[in-house]
Amino acid sequence: MNYSIAFRTIVTKEIYRFIRIWPQTLLPPAITTALYFLIFGKLIGGRIGTIHGASYMDYIVPGVILMSVISHAYSNVVSSFYSTKFQRNIEELLVAPVPNWVILGGYVSGGIFRGLLVGLVVALISLLFADIVVNNAVIAIAIAFLTATVFSLAGFINAVLAESFDDISIIPNFVLTPLSYLGGVFYSVEMLPGVWQTISLANPILYMINAFRYGFIGVTDVNIQFAFLITGGFIIILAGLSLFILHKGVGIKN
Amino acid sequence: MNALSLRNLRKTYNNGFEALKGIDLEVEAGDFFALLGPNGAGKSTAIGIICSLVNATGGSVSIFGHDLKTDRAKAKSCIGLVPQEVNFNQFETVKNIVLNQAGYYGTPTKLARQRTELCLKQMDLWDKRDMVSRRLSGGMKRRVMIARALVHAPKLLILDEPTAGVDIEIRRSMWKMMREINRQGTTIILTTHYLEEAESLCRNIAIINHGLIVENTDMASLLSRLNIDHFILYLAQPVAVMPRIEGYQIERVDDKILNVSVPKETGLNNLFSQLTAHNIKVLSLKNRSNRLEQLFMDLIESKPAGDKQ
Ligand SMILES: Nc1ncnc2c1ncn2[C@@H]1O[C@H](COP(=O)(O)OP(=O)(O)OP(=O)(O)O)[C@@H](O)[C@H]1O
Ligand SMILES: [Mg+2]
């Protein structure tokens, strides 16, 4: 059987969903990040000087972009799939001959699309504040795509396991935001005292942000190949886990 | 060819409740089949398993010869489901709900649009196609679910209480529509609590109670088993004492109303001539209860839980 039509239907529905509510999905990140750039970059950054030879403004731009990609890829999938489950219209997919990998692929693609679109919006806004010559666009785009995939998958798992609306905001608030901030968006890990440097290296987001920053301005705290390896590893693990819980029908079937 | 066959289907929910205790059922292709039973009997559970919404604990399901476990995609493609409760996205438009469902079944875009238009027109919803579904009335929401179930032209249509809470006019038009769909060759399985609905629409019937099939037969032979009809007679003048009439059991409800039990083979002629002889004028009469309802109650009461037929 040909599943491309089912896949396309899910993806189109997902994209249409967040475009339709763009004042809630695309506008807020534009405003928030403009404020980041203004306050941290322009006002405070001017007094900080340079990190690894880059102005503070240029240094934070990639991190802020990727942080937006992460949170929007995640929240798109978690809220969309949870409400699909909550309103029970997941049953429309379960009765139809749509294999689990197509369902997963469809929702994750929606998350990737939203994440990258928000990333693009933020990148365009950054042009108002910074004047960046991109170092390696292929690396930047590849790591942004893979990062969006990781967090779309994570959002999917969160949605499947969530039993209430509260459960879909726990991970973003208590895990994602702290890990993003501690992942070196606003500083280089070399600026931390010794033990904190080691602890920071256990944070996967640190690798993604640094690889992305390398793609932008050619500056990184970590090895780029290793960053790709970690990100790819996460994708494999999370995709496997997602398919497993879908197969078991956890939270979806009785 | 069987449209559906269930073998020893079992379901125990996570809380330990045994909703289906091993049911076997065959529905022939082209049939209009009633699946009846009281609240909590296990009808929706069985339908849920057939439609891949509930994981079975044991047993097998085969749809038009395709086993649901080994030949999943083909089996699923044959079924259209109208669930008991509204389960579409309330923020989506009517048209998109139906169109997306066609997409999930792999219908190419152009054909999907044509089928969507056809099904929405058939359900009298084409005018509402751009309305957000949350704004529809209850009856319209049911019809959206029927249109959605029909969009991929399934060979087997399963309707779980489609006429619950629907007004009489719409119910009649749904009956007409279901008959028409069945006439065109689609097998229909219908659950309902309106027994007159099952009686007038369905050719074969299964009654399920406490997770077991307690009756599975054709409608005609089920009804023929009822050998006593019950009537209510409305009289023109009050009668103080009711005369005895041989062959009929008559009970005075009040001055002008009588309950009469009539054995099938006896008929009504003799009753009326006797009443006329006693100078009792009958203004009108009606059936006391739906005949099927009577049988249904008998079947359910005579076969308690765990008593496998
Ligand atoms: N998720 C569940 N967990 C535990 N028990 C359940 C669950 N779903 C249904 N049941 C139980 O299984 C039994 C059968 O339910 P089901 O919905 O199949 O009945 P039904 O015949 O469709 O009834 P109705 O006519 O009221 O729709 C009921 O006792 C119900 O409480
Ligand atoms: Mg039910």
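Predicted model: local features only at pLDDT ≥ 70, side-chain atom pairs only at ≥ 80, totals over all residues.
B:S44 sits in helix α1 of chain B and B:Q84 in the loop between β6 (79-82) and α3 (94-104), so the pair ties together parts that are 40 residues apart in sequence.

- B:S44 is partly exposed, with a relative accessible area of 31%.
- B:Q84 is partly exposed too, at 27% relative accessibility.

**Helix α1 of chain B**
- Seven of the eight residues of this helix (residues 43-50) are buried, so the rest of the structure largely encloses it.
- The buried residues are B:K43, B:T45, B:A46, B:I47, B:G48, B:I49 and B:I50.
- Just after the helix, B:S52 adopts a positive phi of about 65°.

**Where chain B meets chain A**
- Contact involves 31 residues of chain B and 24 residues of chain A.
- The two chains bury about 2500 Å² between them, with 49% of that on carbon and sulfur atoms.
- B:L53, B:N87 and B:Y104 supply 29% of the area that chain B buries against chain A, more than any other three residues.

**Polar links and make-up of the interface**
- Three salt bridges cross between chain B and chain A.
- A:R88 and B:E85 join their side chains in a salt bridge (3.4 Å, N to O).
- Twelve residue pairs are in polar contact between the chains.
- On the side of chain B that touches chain A, α2 (72-77) and α3 of chain B are the elements giving two or more residues.
- The largest share of that side, six residues, comes from α3(B).
- That side of chain B divides into twelve nonpolar, 13 polar and six charged residues.

Key
Residues numbered from 1 in each chain as written. Chains lettered and ligands numbered in written order. Heavy atoms only, no water. Buried < 20%, exposed > 50% of the residue type's maximum accessible area, 1.4 Å probe, protein only. Helix = DSSP H or I, 4+ residues; strand = E, 2+ residues; numbered from the N terminus. Contact = heavy atoms within 4.5 Å. Buried area = accessible area lost by both parts, 1.4 Å probe. Salt bridge = Lys/Arg side-chain N within 4 Å of Asp/Glu carboxyl O. Polar contact = N/O pair within 3.5 Å; in protein donor to acceptor, adjacent residues only side chain to side chain. Nonpolar A, V, L, I, M, F, W, Y, C, P; charged D, E, K, R; others polar.
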